[in-house]
Amino acid sequence: MAFLSFDNAFVRDMPGDPEPGPATRQVHGALYSNVTPTPVAAPRLVALTDELAKRVGLDPDDPDLAQVLSGNRLLAGMQPYAANYGGHQFGTWAGQLGDGRAITLGEVVGEDGGRHELQLKGAGPTPYSRGADGRAVLRSSIREFLCSEAMHHLGVPTTRALSLVTTGDMVVRDMFYDGHPRDEAGAIVCRVAPSFLRFGNFELPASRGDIGLLERLVDFCIARDFPALAGIEDLTERRASWFDEICAATATTVAQWMRVGFVHGVMNTDNMSILGLTIDYGPYGWIDDYDPDWTPNTTDAGRRRYRFGQQPAVAYWNLSRLAGALSPLFGDAVPLQVGLDRFVRAYEAADRVNVAGKLGLGEANDDDMALMARLQAWMQETSVDMTIFFRTLMDLDPAAPDPAIFAEAFYDEGLRASNRPALVSWLADYAQRVGRDTLAPLERHERMRTHNPRYVLRNYLAQEAIDRASEGDFGGVHDLARVMSRPYDDQPGHEAFARRRPDWARSRAGCSMLSCSS
Ligand code: AMP
Ligand code: MG
């Protein structure tokens, strides 16, 4: 087994829970609990991200990988722990949550000097499991594995997925919480990020009035995860700049979600990364027909708090909760309000860049933003596939705009016909706008190609791969991972992965309806 270089800064520098073992408890005055993964019966490595394995210093061909990446065997230097954090869930303060089924193995310093925290999801009970089993099922683990990597290759900041291991153990789940529990195959994903700190890590000590602990964590996070800020002498100024950076990073990531049509599904503050990474792939989904009101999460079906179009506003709300938690560290609210304002500006700027990219313009002015809004309203009215429409738009001839090129994008022929005049009129205005633009045709084409993916991880594609994997065939997972690693390239022979959602997938469990049960 390769020698990995660990620098476990979090457990070295932060206070831990003195009590050993996974018994459920409230943990005060400590930011984590030492806990080891519970061994599994028969670990089998079914998918590996080779490039990432090499980067952290693992040999992709090492026969012992399944043992290590299931938590059955610890390597020298690993100091496993579960983090203690709280969170606002669906708008309400939920108190202590913590890593109920995630266990960090250690912080690897890669050959590139980068920090890679290795964390197993589904590795068994921890003090934060709250009576649940600490395990994850295969379907959810496949979804996390595939989507982490798909997002990475789309250029969206995200935690990564190193490996997918089946455990050989069964796990009982009631998928829709409707009294139909059944046995499902267990699995473990090893995820990787420079830091897994969440807003909720800061909210919990603040909620308990433990300002000393909060301060220690903030200054640790700045030193480890935001080294560029270390040079700011004044402490309050440094902390204010840190909050500012968090706001800006969150804004750009959420803007990217909106660009590619990703719906997180459960944007609770415990699922918000301090680095602005997309984290905790649960009941997420991808937009097929453009609908800002859509949410994949059945648990959220009533209020649809986490629907696609609401994500920027929810991110702002979550940042406001973080600001509230941090307020005891600041004499007045001004620096925190400055950060929140930064979110608004950073989001608007990122959105503008995305609109320019999606429409193939040198820059997007206010009129262009209105042009995009008009298109989006039409798409919503007409039930048009977001990904296919934008990818096809780059083939439009501005000299002779032809609405027929979008034939593949429609879900409803009746709406297509009745809304055709609006499309013709929009295309005419767009063609005129393109005619006045600074970009040359080839530049425009390239800009649109790199902002409008050909392939996204459509919910039904992931479900088809899951169905095959449930029969023991992981070929679908591998094929999908390969196609999604080049989302902006046309891949001859893989057209099927770029098709619009088939009718059968419209209301099938796993394809459009997901729950938090994973
Ligand atoms: P999530 O909805 O996945 O963000 O989880 C919310 C909280 O529930 C977190 O504290 C998780 O660690 C915990 N949790 C979710 N599923 C399990 C499970 N199977 N076992 C233990 N804890 C869990
Ligand atoms: Mg979570």
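1. In this predicted model, the centres of domain 1 and domain 3, taken over C-alpha atoms, are separated by 31 Å. The protein is divided into domain 1, covering residues 200-356, domain 2, covering 363-436, and domain 3, covering 459-505.

2. The largest nonpolar core contains 130 residues. Those with the most contacts inside this core are Phe-202, Trp-242, Ile-274, Trp-286, Leu-359, Leu-393 and Leu-457. Helix H7, spanning residues 235-260, gives the most to the core, with twelve residues. A second, separate core has 29 residues, among them Val-27, Val-35, Val-68 and Leu-162. As a general background to both descriptions, nonpolar side chains tend to be buried together in soluble globular proteins.

3. Apart from neighbours within four places in sequence, Leu-359 is in contact with Asp-368, Met-372, Leu-375, Phe-390, Leu-393, Trp-426, Tyr-430, Arg-444 and Met-448. One of these partners, Leu-393, is also listed with Leu-359 among the core residues with the most contacts.

4. The magnesium ion (ligand 2) is coordinated by Asn-271 through OD1 and by Asp-280 through OD, at 2.0 to 2.2 Å. Are these two residues, Asn-271 and Asp-280, buried or exposed? Both Asn-271 and Asp-280 are buried. Water is not among the atoms, so the site may look incomplete.

5. Ligand 1 is surrounded by 16 residues, and the closest are Gly-98, Gly-100, Arg-130, Gly-134 and Asn-271.

6. A polar backbone atom of Gly-100 is 2.7 Å from an oxygen atom of ligand 1. For Asp-133, a polar side-chain atom lies 3.1 Å from a nitrogen atom of the ligand.

7. Two backbone angles should be noted. Most residues other than glycine have a negative phi. Phe-90 has a positive phi, near 50 degrees, and is found in the loop between strand S5 (86-89) and strand S6 (92-96). Arg-130 is not a glycine either, yet has a positive phi of about 50 degrees.

8. Where is Arg-130 placed? Arg-130 is in the loop between strand S8 (115-121) and strand S9 (136-137). Why does Arg-130 count as exposed? Arg-130 counts as exposed because its relative accessibility is 55%, and the exposed class begins over 50%.

Methods:
Residues numbered from 1 in each chain as written. Chains lettered and ligands numbered in written order. Predicted model: local features only at pLDDT ≥ 70, side-chain atom pairs only at ≥ 80, totals over all residues. Heavy atoms only, no water. Donors = N, O, S within 2.8 Å, 3.2 Å for Na, K, Ca; no water. Buried < 20%, exposed > 50% of the residue type's maximum accessible area, 1.4 Å probe, protein only. Domains from an automatic or database assignment. Core = buried A, V, L, I, M, F, W, Y, C linked by side-chain atoms within 4.5 Å. Helix = DSSP H or I, 4+ residues; strand = E, 2+ residues; numbered from the N terminus. Contact = heavy atoms within 4.5 Å. Near = heavy atom within 4 Å. Polar contact = N/O pair within 3.5 Å; in protein donor to acceptor, adjacent residues only side chain to side chain.
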